[in-house]
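Trainee: I am new to this structure. Please take me through one part of it closely: the surroundings of the ligand.

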Amino acid sequence: MKVSIIGASGKLGQYMVQHSLDKGYEVVGVCREKSVKKLDRFRGRITVVPGATNDPEVIQHAVAGCDGVLVVLVPWGVHDYSSGTAQAVLDHAEPGARLAFSCGWHITRDGKDRYSRKLLWQVKAFGRIAKLLRAADLDDQVEACRRVFASDTRWTVVRGSDLEEGESQGLPVWSRHVGDPILESNLTRRVDFALFMVEALQNDKLIQEAPAIVGCKTPSALAHASVPSQG
Ligand SMILES: NC(=O)c1ccc[n+]([C@@H]2O[C@H](COP(=O)([O-])OP(=O)(O)OC[C@H]3O[C@@H](n4cnc5c(N)ncnc54)[C@H](OP(=O)(O)O)[C@@H]3O)[C@@H](O)[C@H]2O)c1
């Protein structure tokens, strides 16, 4: 299996590189030129394509011949970086390739997610301040996901809860809607978010799904583990 990791130099990206190598995959990583050195520990084991992740030429080169594409969707800047990245992948991935995109719980596919007041407030406050400072544009991450949801490719949009660092606890559990009891703990180890992304490439049940994930060892996951959650 050959995978391309778009946004390989970030925290999530580096975990995905490691998981992919652990599985014996051939890895092509894309990251900004100035971040290439962050991937030094993988030197000789992966191919690095330096460039902006929303540059169609960079992406076309990086995804050529790949069976899977793992995409870190980030809202940084105010120049449509997220939607540009998603569009470039949708346009250039090999026909039939498995695609997995990362985002947060704030993204909703069908409007049926039930958010806590705290989360709604956080998203609103962060969104406004970040846009005012021209640091990030959450609306563009929403637009990126809208384009993915509308596409007929073999996509999965993985929606991460709050994240923490730490040793892997295993594959997160998931549910279709934020607000479902199994997700209540709202915490996932970043290393396991990455594991879910990589595993999603081989899980056909996740094709055209937008799983919201939570750590498998969290209280809510343990309390509801025997209840079918994916509905
Ligand atoms: N952080 C959270 O609490 C949280 C919660 C839920 C879901 N998520 C999702 O998890 C994914 C990873 O997020 P993360 O917070 O953990 O970050 P991360 O893995 O560290 O990744 C950040 C990415 O953004 C890039 N980046 C940083 N500044 C940039 C800029 N100004 N212009 C363009 N790219 C820039 C980084 O590239 P360089 O290496 O080149 O800097 C890196 O690829 C995202 O999809 C996010 O929506 C995060």
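**Around the ligand**

Mentor: Start with the make-up of the shell around the ligand: 9 residues are nonpolar, 9 are polar and 5 are charged. Keep in mind that this is a predicted model. The ligand has 23 residues around it, and S9, G10, L12, S35 and G160 come nearest. Now look at the elements behind the shell. Helix 1, residues 11-22, supplies at least two of the shell residues. Strand 5, residues 98-104, also supplies at least two.

The secondary structure comes to 7 helices and 10 strands. The radius of gyration is 17 Å, close to the 17 Å that the globule rule gives for 231 residues, so the protein is as compact as a globular protein of that length. The C-alpha trace spans about 45 × 40 × 35 Å along its principal axes. Of the 231 residues, 45% count as buried.

Turn to the inside. In soluble globular proteins, nonpolar side chains tend to be buried together. Here the largest nonpolar core has 65 residues. I6, V69, L70, V71, V89, F101 and M197 have the most contacts inside this core. Helix 6, residues 190-200, gives the most to this core, with 8 residues.

Take V69 as one example. Beyond its neighbours within four places in sequence, V69 is in contact with V3, S4, I6, V63, V89, A93, A97 and L99. Finally, consider contacts in the protein with a separation of 6 or more: residues 24 or more positions apart account for 75% of them.

Key
Residues are numbered from 1 along each chain as its sequence is written. This is a predicted model: local features need pLDDT of at least 70, side-chain atom pairs count only at pLDDT 80 or more; totals for chains, interfaces and linings use all residues. A residue is near a molecule or strand if its C-beta atom, placed from the backbone, lies within 6 Å of it. Helices (H or I, at least four residues) and strands (E, at least two) are DSSP runs, numbered from the N terminus. Ala, Val, Leu, Ile, Met, Phe, Trp, Tyr, Cys and Pro count as nonpolar, Asp, Glu, Lys and Arg as charged, and the others, Gly among them, as polar. A nonpolar core is a set of buried Ala, Val, Leu, Ile, Met, Phe, Trp, Tyr and Cys residues joined through C-beta atoms within 7 Å. A residue is buried if 20 or more other C-beta atoms lie within 10 Å of its own, exposed if 12 or fewer, and partly exposed in between; C-beta atoms are placed from the backbone. Two residues are in contact if their C-beta atoms, placed from the backbone, lie within 7 Å. The radius of gyration is taken over C-alpha atoms; the globule rule is 2.2 Å times the number of residues to the power 0.38.
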